[in-house]
Amino acid sequence: MANIISDETIEYVGILAKLELSAKEREEAKKDMGRMLDYIDKLGELDTEGVEPMSHIFPVQNVFREDVVTNGDTRDEILKNAPKEKDGMFVVPKTFD
Amino acid sequence: MGKQYETVIGLEVHVELATKTKIFCGCTTAFGGAPNTHTCPVCTGMPGSLPVLNRQVLAYAVAVGLATNCDITRYCKFDRKNYFYPDNPQNYQISQLYLPICRNGKVEIETENGKKAIGIHEIHMEEDAGKMLHDELDDYSLVDYNRSGVPLIEIVSEPDMRSAEEVIAYLEKLRMLIQYLGASDCKMQEGSMRADVNLSVREAGALEYGTRTEMKNLNSFSAITRAIAGETARQIDLIEAGEKVVQETRRWDDNVGKSYAMRSKEDAQDYRYFPDPDLVPIVVSDEFLQEIKGKQPEFREEKMARYKEEFDIPAYDIDIITGSKHMADLFEETVALGAQPKKVSNWLMVETLRLLKENNMDPEDIRFSPKNLAGLIKLTDAKAINSTVAKEVFEEMFKNDIDPEKYVEEKGLKTVNDEGALRKTVEEVIANNPQSVEDYRNGKEKAIGFLVGQTMKAMKGKADPSMVNQLLKELL
Amino acid sequence: MNILDMTAASLGAAIKKKEVTVMDAVRAVLEQIEETESTYHCYVTVDKEGAFRQAQEVQSKIDAGELTGPLAGVPVAIKDNMCTKGLLTTCSSKILGNFVPTYDSEAVRNLQKAGAVIIGKTNMDEFAMGSTTETSAFGVTKNPWNPNHVPGGSSGGSAAAVAAKECFYALGSDTGGSIRQPASFCGVVGLKPTYGTVSRYGLIAYASSLDQIGPLCKDVTDCATIMEVIASHDPKDSTSVKREDTDFTSALTDDVKGLKIGIPKDYFGEGLDPEVKDAVLKAAEVLKEKGAIVEEFDLSLAEYAIPAYYTIAAAEASSNLERFDGIKYGYRTEQYHGLHNMYKKSRSEGFGAEVKRRIMLGSFVLSSGYYDAYYLKALRVKALIKKAFDKAFAKYDVILGPVAPTTAPKLGESLSDPLKMYLGDIYTISVNLAGLPGMSVPCGVDSKGLPIGLQLIGDCFKEKNIIRAAYAYEQARGAFVRKEEN
């Protein structure tokens with residue numbers, strides 16, 4: 001395997017992705033990611049010099065809305081799905097100290 | 001004598017745009033709704049919802065770019081900035097990194113040493129976050145997404161400023177340009193204009209920049225001034241002590257007068273920007289650019305020059321009036337309704353400024369209409385009310401934008417121009433105040449003032465004081 | 001004729017002629033579900049009450065002459081990654097296990113406007129990540145042709161529901177083959193339309209630049225009919241394309257004379273099951289006999305599509321799935337200390353292994369220092385793949401090949417080696433990268449008794465070419481029915 005994924009990398013990606021892996025999952029993730037990256041490295045075989053990265057297939061552009069209010073108050077519906085709500089707001093663990 | 005240091009400052013200024021709706025959905029941007037009542041699936045990050053760009057956001061961003069001499073990016077895109085925080089419902093913010101709408105601009109500011117150009121690195125469009133509410137006693141926070149998705153532009157300057165004075169001048173300049181465009185009201189206290197300060201220090205004469213920090217949470221010009229002084233001192237102390245300045249984001253606490261590092265193991269500051277696949281590129285056409293150019297207003301400098309030509313009012317007045325787009329509009333519209341410029345200017349300079357100050361308001365908060373100000377001036381011109389009554393009416397107008405004519409009518413404040421009635425009152429006053437009458441006759445000119453006052457009081461203020469004066473002199 | 005044996009279009013016609021009532025159709029499907037669902041497990045949610053209510057409403061609109069379309073009254077199943085107002089929508093994930101959308105996805109709205117009766121929400125690979133429907137948090141779906149085999153994925157529940165007659169047609173979504181491959185494995189017709197043809201509004205995103213909704217159904221006529229209902233320009237989806245040429249049923253002509261069909265040699269190399277190969281080439285022969293011009297050619301780049309796809313899809317997915325954080329909806333862990341611990345525990349407990357694997361990979365390829373080498377490189381390869389297809393479509397109207405290298409694998413065989421599972425997408429993935437329409441049509445049964453799919457790929461916006469070829473082939477092939485197992 002050409003790509004060796006370190007514990008630090010898995011830890012770091014876990015912080016970015018907000019995932020906490022068990023020891024077993026961590027070992028598997030290191031192996032899986034290494035293998036996938038080896039496979040992705042295959043793309044290096046292709047000469048892409050001067051090729052523009054293509055994010056959109058079609059040249060669709062300038063899609064706009066007009067600045068007109070179209071939405072009403074749907075708070076109660078939206079809050080129904082909240083794991084925890086209070087006074088019309090979403091409750092989260094304290095973020096300020 | 002220690003070493004001399006120079007402070008190097010660049011600003012990231014966020015401005016909330018004055019659109020009716022949010023940047024990517026049809027929710028209102030109005031202030032003051034109950035929490036989460038101005039939300040929809042898009043701005044609460046519901047699964048499956050998709051963003052569509054508000055055309056007016058682009059129009060405002062381009063207008064600000066043109067006003068700040070930027071190059072407009074003719075092919076621009078939105079990117080996702082990925083980070084987890086509860087005020088950010090998708091846990092990514094739609095912003096622009098790779099192809100921002102404006103680049104490479106500059107604005108001129110006045111400094112002690114004359115004019116100075118401050119470079120603008122870029123301006124990009126992005127969405128605002130929701131609001132977090134914290135109560136010290138609770139072990140939780142609350143999230144309100146009413147502000148989530150309100151359109152912002154972020155104006156990133158070059159590190160061209162060297163003092164708090166320059167920073168304030170630059171901010172004032174931006175505020176003026178943007179207010180004149182109508183793109184935002186730019187109120188720092190309400191958060192519609194916010195500045196983050198990037199600051200480093202270096203020995204005077206050095207060519208390399210020092211390590212910079214970014215300071216957030218600066219809610220007023222005075223907080224910015226204090227934060228710049230505080231951070232400059234902190235960095236110099238570190239350098240003098242042989243320590244290193246760490247590149248980091250710091251939070252300014254204006255109550256304590258100190259900044260604190262905002263670091264956490266869980267904030268990797270690796271935003272994994274990539275083009276948002278849910279939005280398509282924006283191509284700014286020549287036509288669109290011409291349209292925006294055509295709509296650019298007369299900016300402050302041009303307005304000042306024109307006022308000087310057109311109106312016979314002092315330079316000081318021109319400076320104050322054009323210092324607020326709203327006040328300048330009010331002035332011009334009132335004049336257009338036939339009021340004499342000098343009189344309009346007087347009302348604005350004296351009574352309006354006094355009431356703004358007393359009420360701790362900005363000129364942008366003036367609520368009375370040009371029509372009613374013109375109406376008030378008409379009443380005084382016609383001597384239908386005297387100046388004391390006029391001031392009283394004006395105060396009411398300032399508060400509630402009342403129609404002065406109706407108000408005067410309803411409250412019976414009209415000056416009594418019936419000479420017979422006035423003469424009768426004056427005669428009574430003379431009869432009732434023999435001491436003053438005698439004083440006056442003995443050459444005490446001032447005594448007449450008391451008699452005028454007594455007459456006005458008896459007339460409940462509804463007399464023309466000059467007429468009273470004249471009658472008194474005649475009868476004495 | 002048994003109602004359940006009808007196609008969607010023939011049932012629609014029978015309802016219109018008052019030979020069958022909407023309630024008859026709904027009852028028939030619900031009875032079938034009662035009978036076979038415990039074996040196949042096609043659905044996450046069956047909305048019995050809702051179906052009866054809709055049946056009454058739709059019938060009265062049909063009777064009043066307000067609904068006259070070809071699908072009015074026909075029961076449909078919806079993949080569980082499309083939002084349905086008031087009806088549980090889980091993406092087959094624990095993290096959305098209790099999520100009830102406040103709005104309908106645009107594709108579902110289009111169906112409702114046409115008088116469809118929604119029977120329920122079908123099982124899928126969690127967040128559409130997988131090729132077997134085994135990554136669902138709510139149990140495995142079995143292949144109605146042989147319940148020891150997988151139905152394919154990620155739209156496995158939709159494909160199996162059609163094959164098991166637990167609905168008359170279904171909607172699926174296709175990011176790398178997720179409609180075509182299960183259609184192939186379950187012996188039904190499936191179409192992934194040109195990107196932008198069906199609105200993605202309300203489709204819970206996996207990889208936004210590749211996702212597209214499409215039908216799974218019993219035959220090509222149904223496919224064209226359903227496409228006419230669900231294709232629409234939607235101002236709520238910035239990537240939605242305004243099209244004039246959505247009269248897909250006009251291509252049901254049984255005439256392929258002069259149609260130029262290219263067979264990419266690279267799709268018939270190592271790894272392709274000989275039985276699949278024979279069946280697909282035999283289908284090409286049929287079209288040739290009907291007057292199509294069939295040639296072989298080199299498409300090139302097929303082997304690079306998979307690594308490019310997994311880079312792009314994982315990157316987009318890592319961002320799209322950030323919103324599942326235990327705050328606004330869905331699963332929140334019971335015990336936590338502080339915000340970041342809540343995020344991490346909720347997400348780690350709420351997502352399954354395959355989803356976590358792709359989120360980790362996607363976060364890595366976008367992270368500082370790797371963006372250019374991985375993500376931008378993949379987007380450049382995508383441009384090359386698109387160019388290769390452009391070149392091919394300058395010469396051919398339709399590209400013909402297999403859908404998958406094999407027929408449906410046995411349950412439990414695939415997940416142990418993810419990379420091997422990804423390789424199974426080799427013929428379908430490049431179609432998504434290039435935004436093309438692609439279709440799977442049953443073209444045979446292997447020695448194990450499992451169906452084989454024929455893939456027809458068209459140039460962008462040229463669905464009609466592949467519908468034309470598929471319909472002509474289907475006419476020659478005749479009925480494709482599953483031997484009932486007893």
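Predicted model: local features only at pLDDT ≥ 70, side-chain atom pairs only at ≥ 80, totals over all residues.
Residues are numbered from 1 along each chain as its sequence is written, and chains are lettered from A and ligands numbered from 1 in the order in which they are written.

Let's start with chain C. It has 15 helices and eleven strands; helices here are DSSP runs of H or I with at least four residues, strands are runs of E with at least two, and both are numbered from the N terminus. Along its principal axes the C-alpha trace of chain C spans about 65 × 55 × 45 Å. For 486 residues, a compact globule would have a radius of gyration near 23 Å, and chain C, at 21 Å, agrees with that. That radius is taken over C-alpha atoms, and the globule rule is 2.2 Å times the number of residues to the power 0.38. Of the 486 residues of chain C, 66% count as buried, where buried stands for 20 or more other C-beta atoms within 10 Å of a residue's own, exposed for 12 or fewer, and partly exposed for anything in between, with C-beta atoms placed from the backbone. Among the contacts in chain C with a separation of 6 or more, 76% come from residues 24 or more positions apart; a contact needs C-beta atoms, placed from the backbone, within 7 Å.

Now for the sheet. In chain C, eleven strands form an open sheet with mixed pairing, in the order β1-β3-β2-β4-β6-β5-β10-β11-β9-β7-β8; two strands pair if DSSP finds at least two bridges between them. At the edges stand β1 (43-46) and β8 (293-297) of chain C, each with a single partner strand, so one side of each has no neighbour in the sheet. On average, neighbouring strands of this sheet are turned by 30° against each other, direction ignored.

Helix α7 (220-230) touches β4, β5, β6 and β10 of chain C, and its direction makes about 145° with that of β6(C). Helix α8 (274-289) touches β7, β8, β9, β10 and β11 of chain C, at about 55° to β11(C). These angles run from 0 to 180 degrees between N-to-C directions, with axes fitted to C-alpha atoms, for helices over the stretch in contact.

Eight of its eight residues are buried, so β11(C) is largely enclosed by the rest of the structure. In a regular strand the side chains alternate between the two faces of the sheet. In β11(C) both faces are covered, with residues including Gln455(C) and Ile457(C) buried on one side and Leu454(C) and Leu456(C) on the other. Five bridges join β9(C) to β11(C) in an antiparallel run, and there Pro402(C) is the bridge partner of Leu454(C). Seven bridges join β10(C) to β11(C), also antiparallel, with Pro442(C) partnered by Gly453(C). β10(C) and β11(C) make a hairpin with five residues between them, and Gly449(C) in the turn has a positive phi of about 85°.

What does chain C touch? 52 residues of chain C are in contact with 39 residues of chain A. On the chain C side, the largest share, eleven residues, comes from α12(C). By class, that side has 28 nonpolar, 13 polar and eleven charged residues; Ala, Val, Leu, Ile, Met, Phe, Trp, Tyr, Cys and Pro count as nonpolar, Asp, Glu, Lys and Arg as charged, and the others, Gly among them, as polar.

From chain A, helix α1 (7-17) reaches this boundary: its buried residues pack against α2 (23-40) of chain A together with α9 and α11 of chain C. Those buried residues include Ile10(A) and Leu16(A).

Chain A also meets chain B, with 34 residues of chain A in contact with 40 of chain B. The largest share of the chain A side, five residues, comes from β3(A). Two bridges join β1(A) to β2 (53-54) of chain B in parallel, and Phe64(A) has Leu53(B) as its bridge partner.

Definitions and conventions. Contact = placed C-beta atoms within 7 Å.
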